[in-house]
Amino acid sequence: MASPQIRIPATAYPVERFTLPNGLRVVLSPDRSAPVVGVSVVYDVGIRSEPEGRTGFAHLFEHLMFQGSQNLEKLAHFRYVQGSGGTFNGSTHLDYTDYYEQLPSNALERALFLEADRMRSPRITEENLANQIAVVKEEIRVRVMNQPYGGFPWIKLPPVMFDTFPNAHDGYGSFTDLEAATVDNATAFFEKYYAAGNAVLSVSGDFDVAEATRLVERHFSDVPARPAPDRPDFSEPDLTAERRDSYTDERAPLPAIAAAWRVPNPITDLTGYLPYVVLAEVLTDGDASRLVERLVSRDRIATSIGGYLGFMGEPFAVRDPTALVLSAHLPPGGDVDKLLTTVDEELSRLANDGLSAEELARVQARIATHLLRDDDSVLNRALHLATYEIQRGDAGLAGELPRQLGEVTPEQVVSAAATLRPQRRAAIEVIPGGDQ
Amino acid sequence: MSITEVPDLAPETTLTLPETAERVLGNGLTVIAVHRPSVPLVELRLRIPFAKADVATASVLSQTLLAGTADKSMVDIAAELQAVGGGLSAGADPDRLLIAGNSLAEGLPYVLDLLAEVLTGATYPSVEVTTERERIADRLKVAAQQPAHLVARAVNKRVYGDHPYAVQTPEAEDVLAVGTPELAALHGGRLHPRGATLVIVGDVEPQAALDACERALAGWNGGGDEITLPPIPKLVTGPLTLIDRPGSVQSSLRIIMHGVPRTHPDSAAQQLANLVYGGYFSSRLVENIREDKGYTYSPRSSVEHSLAGTELSISADVATEVTGPALWETWYEMGRFATVAPGKEEVEQARRYALGTLRLGTSTQAGLAGLVSVLAGYGLRLEWLTGHATRLAEATVDDIARAAANYFAPAKSVAVVLGDASAVTGPLSAITEITSADAGA
């Protein structure tokens with residue numbers, strides 16, 4: 001069969017937006033094709049906003065939001081969501097924290113009540129705080145301390161690249177800081193950041209817009225109005241000389257290296273930013289990508305390599321300053337300097353010899369599949385709508401991204417590649433430990 | 001005035017299953033197409049029976065099936081898939097080889113042609129085979145440092161004895177000995193259309209999808225005897241198995257029981273019993289050892305169906321210093337569940353969760369594709385869910401009490417703990433008899 005010419009499709013979910021008098025922004029996106037709804041509340045506060053001496057606090061606070069609220073005892077939130085046939089979770093990111101449910105659509109009003117109740121006042125007690133500090137410590141043990149490559153590179157690389165506390169510190173937090181957290185800290189954090197004016201509520205899936213609007217107003221209208229706090233400026237200058245660091249991981253059997261380069265501001269310069277999103281895929285998406293073909297298949301100097309935008313791998317849910325990250329594991333005895341030199345060679349080749357329209361088109365087609373597939377879940381759709389709204393005031397970006405990424409030109413990708421020079425790079429190396 | 005009462009649920013939604021069509025091709029391949037046009041994509045799952053396939057050869061085959069044909073290199077195949085927004089990957093377990101992928105809906109014919117080309121003409125080029133087997137060996141080195149992997153190996157060894165399920169990951173030295181001849185032999189011997197099921201879900205009319213599959217795959221041929229697995233052996237209870245992982249800051253607790261297959265009359269009650277015990281967040285296990293005691297982050301229990309039998313497992317990764325009490329609480333909840341009938345409200349809550357998550361799981365293309373493919377592996381079809389939903393709705397408190405006694409009794413379970421033996425042997429010895437085993441890694 002001849003090589004196809006594929007048209008990049010888009011979805012067209014309707015998006016309704018409004019703001020309640022208390023400042024809560026609301027996004028509704030109906031889709032009646034399956035009897036399920038996704039509900040999310042996103043607060044504009046994340047790891048970068050936690051105070052010095054309280055590393056890990058944004059995440060700990062996320063746990064506390066599940067411990068009961070104005071009208072609900074501890075455990076009630078979980079039981080009401082799951083006892084309605086739904087699932088729930090929350091997660092803490094660099095620039096936002098989300099809370100969400102996915103449920104059969106007959107539970108929509110219940111989910112709205114649960115979110116409104118904790119937006120009014122979570123029940124933060126000494127006992128619940130102590131319990132959740134213990135739980136979070138086990139989360140850190142299971143995901144970071146008891147694993148090879150724990151926290152690599154998302155916790156390990158930012159302190160090499162950045163100089164200021166908000167951008168550089170460990171978002172999971174130190175045990176010392178976690179144990180020092182108090183109920184007063186939590187109350188103050190809630191008062192400052194968990195304001196109606198600092199949140200977006202989004203609902204997607206099987207509902208009628210007029211009915212959902214009425215339910216949103218019924219449950220959220222009397223949440224007290226508090227304005228969003230001023231967002232501090234987290235910007236830092238770009239690097240002018242390469243930064244390298246390394247550490248020994250006692251459980252790691254293979255060398256590893258991650259490198260990052262600053263990229264344009266994703267919010268204020270989306271046009272300048274999108275070519276880097278495409279570039280990461282040109283470099284690392286699959287066996288036909290530049291770096292997998294060269295480093296893994298041909299030269300065999302990496303055993304795996306990945307590339308993505310943002311330290312938490314979320315290209316469209318992060319603000320400036322952020323980075324393009326490459327992360328590679330090497331075979332035993334592998335040479336990280338040789339690997340970086342080869343990456344530089346491949347970036348120069350791309351910058352000097354260009355990118356064919358065919359190579360770009362196939363990468364863009366695969367990006368479109370990834371975006372559409374992710375948005376097939378009503379929950380993911382709700383989360384994307386809310387983060388786009390809170391960070392960009394543009395929930396509608398969800399329907400636009402496949403097309404906008406499809407319009408990135410070979411010249412833009414080539415120019416982006418040309419900026420990834422060694423002197424702008426921060427890199428962290430994992431030295432395999434003794435326990436081989 | 002704010003609302004202080006939790007709102008009631010609106011009337012229950014109906015579980016409506018999408019339009020499905022099925023055809024058995026002349027070569028014996030069963031094709032099932034499901035219409036779910038929610039996004040302009042298709043999902044594809046090809047499930048090929050793989051019982052008793054050599055585990056090392058199977059792992060290399062999975063990584064090299066797409067590494068080349070007479071006309072195409074690995075890069076050509078990957079690039080042609082990408083051109084239609086597509087991707088394919090393969091993975092093996094002791095029951096089946098699964099080739100899974102997706103693409104833009106318009107690209108389906110191209111993906112099917114590439115699939116047919118590798119099924120009928122994968123060449124397993126020696127350069128790519130050498131690279132990929134070394135990469136697998138590298139990954140095994142990393143896995144050997146991961147507690148979840150180590151404890152799973154130990155559990156399988158303890159529970160399955162001589163059964164093929166006892167060893168589910170290969171040894172590096174065996175992987176490094178696999179070459180093109182072994183791969184060609186496994187491919188020729190086992191990658192046959194008879195007994196295999198291809199599932200297509202997405203934005204394509206089911207009859208058109210069946211026609212596209214027939215056009216592309218009618219030429220895939222070959223056959224062999226059906227290879228089946230013996231039933232899993234009876235669980236041999238006995239002392240707790242302790243595997244030493246010096247310096248481990250957590251202990252990985254695993255407790256295994258035997259359950260019954262999906263089609264057994266107790267299946268719905270077993271599923272609900274599992275939820276009540278530890279199968280979701282609002283369960284006894286989570287509310288006790290996480291939300292009350294803070295011993296662990298993600299304790300859970302699960303029902304895992306395989307072709308040769310069903311395993312129930314309880315798992316928790318707990319701080320080293322609370323290993324003894326965490327195991328004790330886990331056993332306590334089992335014993336209480338096995339001997340005291342559950343409350344009506346906790347059963348209703350689990351029932352609503354089971355019925356609600358059926359709707360969630362069938363609401364995406366990928367969810368449907370995985371579900372249809374798994375069910376097909378057991379000779380079941382999507383419609384089976386309708387009857388299953390009825391059985392979930394009708395299971396009584398007595399049914400669940402009986403399931404708890406049969407499937408969650410401490411006396412019918414086996415425990416395995418991976419942790420720092422120097423710290424946990426004392427506390428564990430205080431509550432049960434233990435035997436030591438090595439990690440075997």
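Author: Welcome! One term first: a polar contact is a pair of N or O atoms within 3.5 Å, where, inside protein, one atom must be able to donate a hydrogen and the other to accept it; residues adjacent in sequence count only if both atoms are side-chain atoms. Please keep in mind that this is a predicted model.

Reader: Thanks! With that in hand, how many residue pairs are in polar contact between domain 1 of chain A and domain 2 of chain A?

Author: Chain A is split into domain 1, residues 16–220, and domain 2, residues 243–435. Their C-alpha centres are 27 Å apart. Counting pairs with both residues at pLDDT 80 or more, the number in polar contact between these two domains is 16.

Reader: Over to chain B. How many residues does the contact take from domain 2 of chain B?

Author: In chain B, domain 1 covers 20–217 and domain 2 covers 240–437. The C-alpha centres of these two domains lie 29 Å apart. Domain 1 of chain B puts 33 residues into the contact, and from domain 2 of chain B the number is 30.

Reader: In domain 1 of chain B, which residues lose the most area to domain 2 of chain B?

Author: The two domains of chain B bury about 2,500 Å² between them, and carbon and sulfur atoms hold 63% of it. Three residues together make up 23% of what the domain 1 side buries, and those that lose the most are R47(B), V151(B) and R158(B).

Reader: Which residue forms a salt bridge with E22(B)?

Author: Between the two domains of chain B the count is one salt bridge. Its closest N and O atoms are 2.7 Å apart, and the partner of E22(B) is R381(B).

Reader: And which element gives the largest share of the side of domain 1 of chain B that touches domain 2 of chain B?

Author: Eleven residue pairs are in polar contact across this boundary, both members at pLDDT 80 or more. On the domain 1 side, two or more residues come from each of β1 (20–24), β2 (30–35), β3 (41–49), α5 (147–160) and β6 (197–202) of chain B. The largest share, nine residues, belongs to α5(B).

Reader: Now the two chains together: what area is buried between chain B and chain A?

Author: The contact joins 81 residues of chain B to 80 residues of chain A. Carbon and sulfur atoms give 57% of the buried area, which comes to about 7,100 Å².

Reader: Which element gives the most to the side of chain B that touches chain A?

Author: Six salt bridges are counted between the chains, one of them pairing R300(A) with E134(B) at 2.8 Å between the closest N and O atoms. Residue pairs in polar contact, both at pLDDT 80 or more, number 36. Among the elements that give two or more residues to the chain B side are α4 (126–143), β10 (309–319) and α12 (344–361) of chain B. With seven residues, the one that gives the most is α12(B).

Technical notes:
Residues numbered from 1 in each chain as written. Chains lettered and ligands numbered in written order. Predicted model: local features only at pLDDT ≥ 70, side-chain atom pairs only at ≥ 80, totals over all residues. Heavy atoms only, no water. Domains from an automatic or database assignment. Contact = heavy atoms within 4.5 Å. Buried area = accessible area lost by both parts, 1.4 Å probe. Salt bridge = Lys/Arg side-chain N within 4 Å of Asp/Glu carboxyl O. Helix = DSSP H or I, 4+ residues; strand = E, 2+ residues; numbered from the N terminus.
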